[in-house]
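Colleague: I would like a close look at a single part of this model. Please keep the answer connected and give the cut-offs as you go.

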Amino acid sequence: MSFRPFLALSASAGSGKTFALSVRYLALLFMGESPGEILAATFTKKAAAEMRQRVLRYLRDLAGEPAFLAALAEESGLAEEELLRRAPEVLARFLAAEPRIVTLDSFFVAVLRGASLEIGLDSDFVTKEEGPEGLERAFLEELDREGLLGVLVELALQMQRRKVQEMMGAMEEWYRVDPLLPCREPGRSEEPARIEAKIEALRASLYRRLERAEVSATALNNFAPAPVAKLFARSLFGKESLHDHRNYRKYLERDPQIEVEYQELRALMRRWARAREAKVLEHLGALYDHYKNVRIALSRGEGVLDFDDLGFFTYRLLHETITREFLYFRLDSRFRHILLDEFQDTSTLQFLLLKPLIDEIFAGQGQGEGLRSFFYVGDTKQSLYRFRGGVEELFDLVAEHYGIPVQSLTHNYRSHRRVVEWVNRWFEGVMPDYVPQIPHREEEGYLRVLEDAEIEDRAVAELGRLRERGIAPERVALLVHTNDEGNALQEACERAGIPAVLQTSSSLKNLSRVAALVRMAEYLWQGHPLDAAALSERLGEELGDREFRWYAPHLEPREVLHRIIDDLGYFHRDANLLKLLEFASAFRDLPTFFEEFEHSRIPVAPQTLKGARILTIHGSKGLEFDHVILLDRSGSRPPGDRIPLIPDYDDSLHIERIFYRISGRERFDEEYARMLERRKASRHKDRLNLLYVALTRAVEGMTVIRKPEHSLFDLLEMTPVEEGEPSGAREEKPEEAPQAAPAPQLRRYGRQELSEEPDEEEGGEGPDYDAILFGTALHYCLEMMGEFDPLFLWEALDATTNRYGSLLRPVQLEQIRLRIEKLLDAQPFREMLRGARIFREQPFSYGGRLYQIDLLLEREEEFVVVDYKSSRKYEAKHREQVAGYLRGMRALGYAKVRGILLYLLEDGPEFVEVTL
């Protein structure tokens with residue numbers, strides 16, 4: 001048996017990290033360990049879903065996975081025949097248990113819910129991406145009561161933070177790492193003004209001495225009267241001694257006291273900088289205490305936590321409030337095994353939250369309590385989240401602290417040979433401790449580095465070139481650095497007639513069309529003058545010339561937005577409006593919608609059913625693509641490092657000290673200078689990591705487009721090169737889609753339709769909003785499921801409760817659960833999914849109208865359009881709706897397509913075939 005209870009895997013890109021993690025997890029199951037006693041934590045929901053999917057797939061068809069079976073036999077020490085014999089029993093045990101394959105955040109939520117009352121939280125709290133509402137206002141009111149608003153203003157001026165929001169950002173950064181902050185020493189700091197008086201007296205004395213020594217005007221001017229901050233920034237003080245400066249060296253023999261006073265002045269400058277730092281930290285600390293108290297009170301009162309709150313409250317719970325025994329009692333589980341994925345992105349705080357559980361595992365080893373293990377996997381070359389608290393140094397520090405051996409995975413199973421070899425050439429000798437990867441695949445592949453000042457146009461041209469060589473656009477990914485670059489590239493592809501799917505992390509609220517639409521709705525609500533010159537120019541008329549007599553304050557946000565879209569035809573044929581209208585459908589009044597929209601992070605919608613994928617490099621992490629086109633950054637230089645407060649970490653990765661940035665301070669303060677050098681090295685490594693992630697996504701081949709000057713790829717000394725040629729089966733040219741009808745009317749959006757007029761079948765009654773809300777929540781729950789498997793239902797139900805729990809009755813939420821459970825048990829549904837490529841909530845446009853398909857299944861020979869419904873009340877209209885989808889799909893070139901109405905009813909699902 002080769003199972004090592006304590007192990008860390010250093011897994012380079014494409015080296016089989018997920019495979020190794022799955023082997024480890026299943027080895028524990030086959031060795032008799034309970035699923036409920038294994039905590040497998042990943043970084044994202046997608047990764048957790050994929051791991052659950054892998055575990056189920058391997059257990060259901062272990063014989064069909066010979067490579068995995070062999071690895072599992074080696075890891076567990078069991079013969080392959082024994083593993084195959086026991087697989088059904090292990091599968092049954094896994095399905096009957098509650099496996100803890102989760103994200104770290106969802107695990108911390110479970111911990112908090114289990115003991116929330118111990119720290120004053122209601123157990124039914126909800127989690128959101130944004131902090132508690134009204135925080136800024138409550139914080140300012142608190143400062144006003146305490147007479148501290150003047151301190152806030154003074155501090156903002158010192159830190160060059162001109163807006164309250166920027167100061168709030170500084171408070172938020174401290175709150176995010178609160179348990180790591182150094183203890184503040186009591187007592188008042190030295191007053192900078194007193195030191196400034198001493199500096200001025202010493203400067204004047206030096207000036208007089210130099211004047212008597214008859215130094216040059218330039219040498220004398222270095223000590224001319226000036227505010228201390230300007231004196232501090234003079235380059236002269238880069239010299240530790242005036243003996244090192246040619247303008248002064250010969251005069252020191254005449255008056256040695258010049259050098260003595262220069263050294264005294266440098267020492268005073270250092271004291272002044274530290275006094276300013278201490279004063280800033282003293283004031284900020286006093287304000288932060290109030291910020292923290294206000295935030296805790298709001299979070300507890302509203303029952304709403306964001307991810308920073310999760311870390312704060314969980315740390316207080318685990319380290320200050322409850323015992324380990326009480327935690328295990330509340331979780332109804334005692335973890336004997338911990339597996340951590342993407343460990344290079346784990347923050348120090350997240351590790352400290354897990355540390356009591358890890359310590360428990362190490363404390364129990366060799367004490368007759370059975371097998372215990374701790375395993376983590378990651379790659380410090382792919383650490384991208386330092387800005388979010390991720391610390392790659394943690395990987396080696398944890399191994400050293402616990403005495404865990406580190407094993408490297410050296411084979412690359414993803415990329416063709418040329419891609420791997422060129423990545424090795426670029427990074428070996430540049431990336432610290434880089435270990436060259438060994439290509440596993442036999443294919444040659446191709447590699448191209450092109451130089452062009454017009455990187456965006458060249459990328460589109462290269463995408464067209466790949467298409468000409470028979471490579472379908474959907475097999476290509478274009479990687480950019482920012483969301484704005486992704487938006488611009490998608491528009492360039494659209495102009496060139498090449499389909500492209502925008503998958504950046506850009507929020508819907510940042511898109512100009514969407515923002516203009518929401519501003520228009522705000523204008524109607526508030527009656528304030530509307531600044532919409534750009535929109536008026538597009539429409540060719542003044543917005544004030546239009547009449548909006550239909551508007552009434554009681555109208556719901558969804559209806560207001562819909563009517564504006566119809567009135568301003570400019571907005572038609574934009575699939576992102578589907579996302580906006582879907583979001584708006586959850587709100588009953590405009591003010592609530594406006595407030596939630598400002599804090600929203602709604603991902604932009606894909607623009608076509610098929611096309612090249614446009615992603616940021618951060619968004620591509622963990623993914624792979626047949627062909628990659630990697631673009632240089634659009635700016636001339638990377639953003640500077642100008643944050644005013646710089647944390648410096650000790651060996652345990654707690655914050656040992658916080659430095660206040662002052663220009664030129666490194667000339668006087670060696671400790672500050674060493675901190676800047678460490679920070680510079682970290683930022684350099686972060687840029688290398690970003691390039692490594694970008695250059696390791698390709699399977700068959702890669703094209704890099706670099707600028708002639710100020711290129712990000714200069715870090716790797718990358719020069720133009722072309723090796724190999726891309727190849728692929730030539731596509732049949734699709735038929736041209738029919739042109740959009742003039743002045744189209746938007747009629748379908750979101751997940752549930754509303755009739756504008758009373759339905760005849762209802763006897764003239766208006767729409768049933770309660771039924772619509774139930775149907776919307778049911779659709780949302782299905783969308784939130786990582787896979788159509790019972791294991792994924794509970795997380796989806798949690799997400800649905802967080803979003804719609806305040807609007808639905810408990811019996812309705814229970815109905816959603818029961819109807820989906822019956823759907824998952826239905827044999828026709830499982831057969832329908834078998835072997836199909838699945839697309840959820842898939843938008844497309846046809847004939848000037850926007851559509852959204854609930855579920856689209858792609859098979860080798862056909863597409864299946866599935867539309868969910870929660871009632872058969874309007875079946876005739878439902879059939880016509882799906883028939884419209886089919887006509888649109890066929891007109892867009894998809895010849896073999898059929899439709900299914902899937903009724904999710906109380907008694908069970910019903911399937912209705914729709915044909916043209």
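Leaving aside its neighbours within four places in sequence, which residues is H290 in contact with?

Modeller: This is a predicted model, in which local features need pLDDT of at least 70 and side-chain atom pairs count only at pLDDT 80 or more, while totals for chains, interfaces and linings use all residues. Residues are numbered from 1 along each chain as its sequence is written, and side-chain values use heavy atoms, with hydrogens and water left out.

With those sequence neighbours set aside, H290 is in contact with F139, E142, L143, E146 and L148; contact means heavy atoms within 4.5 Å. H290 belongs to helix α12, residues 257-302. Helices (H or I, at least four residues) and strands (E, at least two) are DSSP runs, numbered from the N terminus. H290 counts as buried because its relative accessibility is 16%; buried means under 20% relative accessible area, exposed over 50%, and partly exposed in between, with a 1.4 Å probe and protein chains only.

For another covered element, take strand β2, residues 38-42, where five of five residues are buried. I38, A40 and T42 point one way, and L39 and A41 the other. β2 runs parallel to strand β6 (residues 337-340), joined by four bridges, with A40 opposite L339. Four bridges also pair β2 with strand β3 (residues 100-103) in the parallel sense, and T42 has T103 as its bridge partner there. Two strands pair if DSSP finds at least two bridges between them.

On confidence, pLDDT is the predictor's confidence in each residue, from 0 to 100. The protein averages 83, and 87% of the residues score at least 70. Over residues 729-767 the pLDDT is below 50. Where pLDDT is low, the predicted coordinates should not be read in detail.
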